[in-house]
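Dear colleague,

I am passing this structure on to you, and my notes on it follow below. Please read them with the model open beside you.

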Amino acid sequence: MKLKKADILKALEKISAPGEGQNLVESGSVTNVQVFGDEVEVDVTIKNPSLQAKKKTEVEILKIIHSEVYEKAKIKVNLKVDAPAKPKVNQIKGKPISGIQNIIAVASGKGGVGKSTVTANLAVTLAKMGFKVGLLDTDIYGPSMPIMFDVAAEKPLSINVDGKAKMKPIENYGVKLLSIGFFTQPNQAVIWRGPMAAKALNQMIFDAHWGELDFLLLDLPPGTGDIHLSIMQSLPVTGAVVVSTPQEIALADARKGVAMFQQEAINVPVLGIVENMAYFTPAELPDNKYHIFGKNGAKNLSEDLNVPFLGEIPLVQSIREAADVGRPAAMQTATPTEEAFEELTKNVVQELVRRNTDLPPTEAIKITTMAGCSAVKKK
């Protein structure tokens, strides 16, 4: 069968160019199409250098031509990546915190999706794997980490480090922890504007003696607001993890959370998306899965946005109970819950290693279009 170039191009218009918001033809990604009888050779250039984007584009081209033009067509795809030789580097604002190797922000567009629970269990799993871990609860208005780590009654001590008074983080389960919850009463509401919240963060970040850490996890508040920007103006965040549940109403906000980190002015690599409360499994029926909030929503979103899918966490009663009594569920041994968090943690570490291999270090950003937002000041 003799194929037509016009039919090939029409079919390729149904494929989105990775990260460009246009199809392959509109974006100019298709640089050449040659047809020889039933043989097709397509030259494509994309800007996304990830292996996932390259593989997905190639597979989609093969599928669309076979389904839309001719199912027995012999197709050769010549795929090139036209990425900048050196990624754009953010303007430096302050130096990284001495002794801290990687800073990972855990975020969610929406509240109530279990972001703090995921962060706590990620921290203890990293500690179980032998890493030195710190956790900063940046949710000034709704701190929950002191309860989750069973240290709500503790108070950080002041210690002398090189002639300066520093806060010593509270430590439990091998994780060093600081939270505004240590400095307020249980029934006390924190009613602060942005500058006050930024000042509190300033003290917990730079007036603390974190020591040597492989990972500092930041438990960010929900949304995409002042605290997030203050943090990223002050710290060289290595990468971000976005948590969502499978239902559409949560995914819509998770999409915005990913978009925030990918803004040109922010440019923090997204390590991936976690699907929390992915399915419910009753203790008496361990092989049954009930997808209460929908199925594979966050997984599909990760494919849509071309970011890695880090794993799914089940909706299990013991996870909630463990958080309430201050012993994260990942501390349990030989359980499906422990296995789920271990798989998640391994994927996060894997993506972090890939990110550190492929990209230069992140630098604290300088945002010049923020009216009324106060950044944390580096001391």
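Which elements make a right-handed β-α-β unit? They are β2, helix α2 (residues 51-68) and β3, where right-handed means that, with the strands pointing away from the viewer, the path from the first strand over the helix to the second runs clockwise. Helices (H or I, at least four residues) and strands (E, at least two) are DSSP runs, numbered from the N terminus.

Please keep in mind that this is a predicted model, in which local features need pLDDT of at least 70 and side-chain atom pairs count only at pLDDT 80 or more, while totals for chains, interfaces and linings use all residues. Residues are numbered from 1 along each chain as its sequence is written, and side-chain values use heavy atoms, with hydrogens and water left out.

The sheet is open and mixed, with 3 strands in the order β1-β2-β3, and strands count as paired if DSSP finds at least two bridges between them. Because β1 and β3 stand at the edges with a single partner strand each, one side of each is left without a neighbour in the sheet.

Strand β1 (residues 30-36) pairs with β2 (residues 39-46) in the antiparallel sense over 6 bridges, and the two form a hairpin with 2 residues between them, where Gly37 in the turn has a positive phi of about 65°. Val40 of β2 is the bridge partner of Val35, and Val40 also has Ile75 as its bridge partner in β3. Strands β2 and β3 (residues 74-81) run parallel and are joined by 8 bridges.

Best regards
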